[in-house]
Amino acid sequence: MVWLRLLGEIDAEVGGAPAKLGSAKQRGVLAALAVEANHVVGVDRLLEHVWGGLVPARARNSLHTYVSGLRAALSGLPDVRLERRSGGYRLALDDQGVDLHRFRHLLDEARAEDGARAEALLERALGLWRGEPVADLHTPWAEGLRATLDLERLAAELDHAELALRRGRHAELLPRLTGRARSHPLDERAAAQLILALYRSDRQADALEHYRQVRARLIDELGTDPGPRLQDLHRQILNADPGLTAPAPDVAAPVVVMPRQLPAPPASFAGRAGELAALTAAADAATPGAAVVISALSGAGGIGKTWLALAWAHRNLERFPDGQLFVDLHGFSPTDRPTAPADALRALLDALGVASDRVPHDVDTQSALYRSLVAERRMLVVLDNAATAEQVAPLLPGGASCIALVTSRNRLSALVARHGARPLPLDVLADTEARALLTTALGTAHADEPAIAELVALCGGFPLALGLIAARLHHLPPAEVVAELRESGLEALDDTDDLATSLPAVLSWSLRRLSEQQRTAFALIGIAPGPDVDLPAAASLIGLPEAQTRKVLRVLEDHSLLDRRPGGRYAMHDLVRAYAATTADTLPDTDRRAALERVVDFHLHTADAADRFLSTHDAPPPLDPPAPGTRPTPLPDLPAALEWLDTHHPHLLAAQHTAAGLGRHQSVWQLARTLYTFHHWRGHLLDELAVGQAALEAAAHLPDPAISIRGHHFVGRAYADLGQHDEAIAHLHQALALAEHHDDTLHRANTTRALARAWEQRGDDHRALEHALLALELYRRVEPPVSESTALATVGWHAAQAAEYDTARTHCRAALDLFREERDPDGEAATLHSLGWIDQHTGHHDRAVEYYEQALTLFRTHGNNRQAAATLDNLGHPHLALGHAEQARASWREALALYREQGDEAKVEEVLRQLDLLDRGTAEVR
């Protein structure tokens with residue numbers, strides 16, 4: 001059904017799905033056209049309606065823009081056209097699709113009928129109201145429209161009350177008549193209806209007192225007595241006129257009951273203090289017709305939505321003396337069929353004492369009757385396990401004194417937008433809360449057992465999982481339950497005797513309302529490499545364009561199967577992900593493999609593009625084209641490349657593992673290559689060792705001997721940097737032997753240079769220099785020739801370590817010229833660092849500071865944190881030699897922070913020792 005709503009916040013919807021409209025003025029344009037639907041509204045009149053008396057000069061241009069926007073917003077509504085006509089615009093549609101015209105049409109129908117039929121039509125008309133018409137437009141036209149519609153609504157309410165009183169429904173009407181008389185103290189018809197209802201309810205004194213108050217107010221404010229009708233009613237009451245006796249109702253009036261439908265509070269409930277406080281605050285600030293929506297945005301089935309709703313409800317029963325209603329809407333349950341609004345309304349009306357033969361047949365009238373019965377009553381309505389906003393909307397009470405709690409796995413954003421609902425996202429329990437839940441269930445006897453802490457960790461704060469574990473702990477020792485959960489994983493939480501307490505079953509119900517494409521996406525995300533996924537990676541994984549992927553992810557998020565985190569990343573709770581992975585096993589092997597190959601290629605090709613910004617001195621061969629459907633992320637510059645690598649580092653490590661599992665040995669090796677420079681810049685030495693070892697294992701399956709050479713090189717260099725010298729030398733000698741066997745001069749040179757570094761790390765500076773000089777000689781033999789800059793810089797550094805400073809300075813200056821000519825800022829920075837070290841150790845401290853600071857600027861600019869830390873560490877010493885103690889302290893503190901970030905404990909201890917000596921005034925210059 002198409003609706004243009006005016007009787008509340010102006011919006012449009014198709015079958016309950018909202019069409020987004022823009023500013024207040026744009027909605028005002030739509031309102032002005034909808035009020036005069038199917039008639040041309042002149043431009044000047046539109047401007048006056050929307051802008052008021054002072055129309056700005058550019059208002060006509062703005063009007064044109066608003067109309068264009070409205071055409072786009074309404075384009076999805078069938079049989080609705082916004083037409084340009086001579087002198088104005090016309091909104092062409094069935095005017096029954098505008099709630100204002102539908103309201104007036106129902107009033108006309110009601111006034112042509114009588115009795116129950118007229119009353120039902122009026123209830124349907126009044127049920128269309130959702131608040132103040134055109135609420136955010138403040139012009140004379142809008143204010144006049146609101147005043148007119150308020151009068152029309154009041155007249156309809158009075159007509160409805162008149163009919164109900166004729167049918168003997170005075171007891172049921174009394175609360176509403178009291179409120180209406182209070183809101184319209186000078187309306188004699190409203191006063192007469194209240195007085196009659198009071199009299200018929202055996203409250204003659206109250207009826208006469210109300211007449212007295214109304215008469216006094218009319219005289220005081222208007223200078224007139226009540227009219228003939230009110231005076232006649234007063235006289236009849238004084239004379240106990242039999243004509244005022246209530247007629248025998250033709251339909252039994254509902255018995256006023258106070259339902260108490262809440263299920264028992266959850267016995268094991270614990271924690272959630274913040275959420276309970278938020279519910280209380282929302283209830284305190286509730287507006288008429290609003291609802292509090294408990295929607296587990298960060299979780300799924302079993303996150304504890306119903307527990308929270310019931311716990312809060314039972315703690316706040318005094319707020320709802322007129323009763324509490326509870327309906328399970330079965331949005332996600334084994335029945336596979338959500339409760340229809342009509343069925344839920346019948347259940348609510350039955351709980352409110354409405355006889356079955358008095359329940360209207362259509363949902364609109366049922367909803368209007370339900371709202372009438374709970375109006376002016378202080379009641380709580382818990383709508384549990386909702387599927388959609390459309391299922392919930394007819395069940396929301398309309399009175400100012402009722403509160404609705406709605407739980408759902410979906411976000412129900414339409415309730416927030418159209419009914420003022422306050423969303424309350426639920427995450428998993430904190431460790432302290434999870435422990436409290438277990439000890440609440442078991443008593444404090446087990447609270448200190450180490451196994452309880454491990455169970456808390458294994459359940460990840462998931463309330464349903466904790467509840468299942470608590471049940472097992474009544475029969476088994478904690479250590480046995482831990483062993484079962486470790487061994488069986490998610491299967492240990494599968495209670496086949498009771499689907500409602502089986503975590504896999506509960507999660508499976510969330511999938512039933514998803515399309516096949518969405519279920520496939522859910523399964524694939526469960527096996528995607530890394531802890532989470534972003535939109536570009538998900539698009540390659542699922543094999544859809546980003547726009548379509550975004551829609552799929554939004555649906556999974558709305559169903560609380562995905563949690564959107566800062567930075568546009570999507571993650572699953574560990575137990576949800578474990579379930580998703582089990583569903584991935586049901587996909588065809590070819591589909592599952594193709595998806596994993598796409599996501600591996602996404603990470604590989606994007607990382608390769610990033611590495612080319614880092615490794616400007618080493619141009620690797622191009623990769624093979626990625627698998628069809630793969631969409632690598634374009635990276636514009638070095639900062640973007642480093643940011644991407646920092647963010648996706650855990651996913652790249654996982655992608656290499658996935659590639660190994662797929663037998664894609666070339667991809668395993670290539671991922672190691674693309675991460676080599678990044679790992680050394682950021683100090684990820686243990687990760688570099690792990691990816692190097694994986695590359696070495698993959699090399700055994702590949703025909704190119706150069707891959708084995710580089711694999712040993714990667715592993716040997718990582719061992720050297722980690723201080724594991726024997727392992728480093730062994731792997732580098734294997735690389736060298738393979739390079740010599742295959743007469744590969746370039747790789748002999750590269751490995752010999754790495755050996756120089758390894759011997760330096762072992763403390764043998766002279767052997768390190770011998771290897772550096774041999775590497776330089778080998779580089780000069782390579783055909784076709786390669787740059788000597790790195791080899792020259794290596795000789796310069798190791799000569800400096802061997803105290804051969806003239807040789808060191810000569811080679812470093814030659815390297816510096818080449819690096820600058822080649823525009824290699826990282827090589828330039830490393831050489832400047834070497835020159836600083838030479839001057840530091842030859843007593844030229846001013847010049848050393850200058851070199852170090854130049855190097856530091858380049859390292860920082862290009863994100864080489866590992867070398868930046870070393871430079872800061874060294875910079876402190878010439879500062880100290882120059883008497884700049886504070887500058888030395890600042891350099892070492894910054895170096896300390898970087899070493900800690902890189903996990904280099906040996907360097908951390910060394911810098912802490914330097915700072916301690918500096919604080920004691922005993923630091924020595926080295």
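Biologist: Which side chain meets Glu-36 in a salt bridge?

Modeller: First the general idea. Side chains of opposite charge can pair when their charged atoms come close. The rule here asks for a side-chain nitrogen of Lys or Arg within 4 Å of a carboxyl oxygen of Asp or Glu. Glu-36 pairs with Arg-45, at 2.6 Å from N to O.

Biologist: What kind of model am I reading?

Modeller: This is a predicted model, where local features need pLDDT of at least 70, side-chain atom pairs count only at pLDDT 80 or more, and totals for chains, interfaces and linings use all residues. Residues are numbered from 1 along each chain as its sequence is written, and side-chain values use heavy atoms, with hydrogens and water left out.

Biologist: Are Glu-36 and Arg-45 buried, partly exposed or exposed?

Modeller: Start with the cut-offs. Buried means under 20% relative accessible area, exposed means over 50%, and partly exposed lies in between (1.4 Å probe, protein chains only). Glu-36 is partly exposed at 22%. Arg-45 is partly exposed too, at 34%.

Biologist: How many salt bridges does the rule give?

Modeller: The count comes to 45. Take Asp-601 and Arg-664, whose side chains meet at 2.6 Å, N to O. Asp-601 lies in helix α26 (residues 589-614) and Arg-664 in the loop between α27 (638-661) and α28 (665-682), so this pair ties together parts 63 residues apart in sequence. Asp-601 is buried, with 4% relative accessibility. Arg-664 also counts as buried, at 18%.

Biologist: Where do Arg-757 and Glu-760 sit relative to each other?

Modeller: Both are in helix α32 (residues 745-762), three residues apart, which means a separation of about one helical turn. Arg-757 is partly exposed at 22%, while Glu-760 is buried at 13%.

Biologist: How many helices and strands does the chain have?

Modeller: Both are DSSP runs, numbered from the N terminus: helices are H or I with at least four residues, strands are E with at least two. The chain has 40 helices and 14 strands.

Biologist: What do the totals say about burial and contacts?

Modeller: The chain has 926 residues, and 54% of them count as buried. For contacts, look for heavy atoms within 4.5 Å. Take the contacts between residues at least 6 apart in sequence: 68% of these join residues at least 24 apart.

Biologist: What is the accessible surface of the chain?

Modeller: Such areas come from the Shrake-Rupley method with a 1.4 Å probe; for residues, only the protein chains shown count as cover. The total here is about 39700 Å². Carbon and sulfur atoms account for 51% of that surface.

Biologist: Which residues form the positive surface patch?

Modeller: A patch takes residues with over 30% relative accessible area and no salt bridge; like charges are joined within 9 Å, and nonpolar side chains (Val, Leu, Ile, Met, Phe, Trp, Tyr) within 5 Å. Lys and Arg count as positive, Asp and Glu as negative, and His and the chain ends are not counted. Each charge is placed at NZ of Lys, CZ of Arg, CG of Asp or CD of Glu. Here the patch consists of Arg-550, Lys-551, Arg-554 and Arg-564. Helix α24 (residues 546-558) gives the largest share, three residues. Lys-551 is in this helix and is exposed at 57%.

Biologist: How far is Asp-364 from Glu-123, C-alpha to C-alpha?

Modeller: Their C-alpha atoms are separated by 8.4 Å, though the residues are 241 apart along the chain. Asp-364 lies in helix α14 (residues 363-374). Asp-364 is partly exposed, at 43%.
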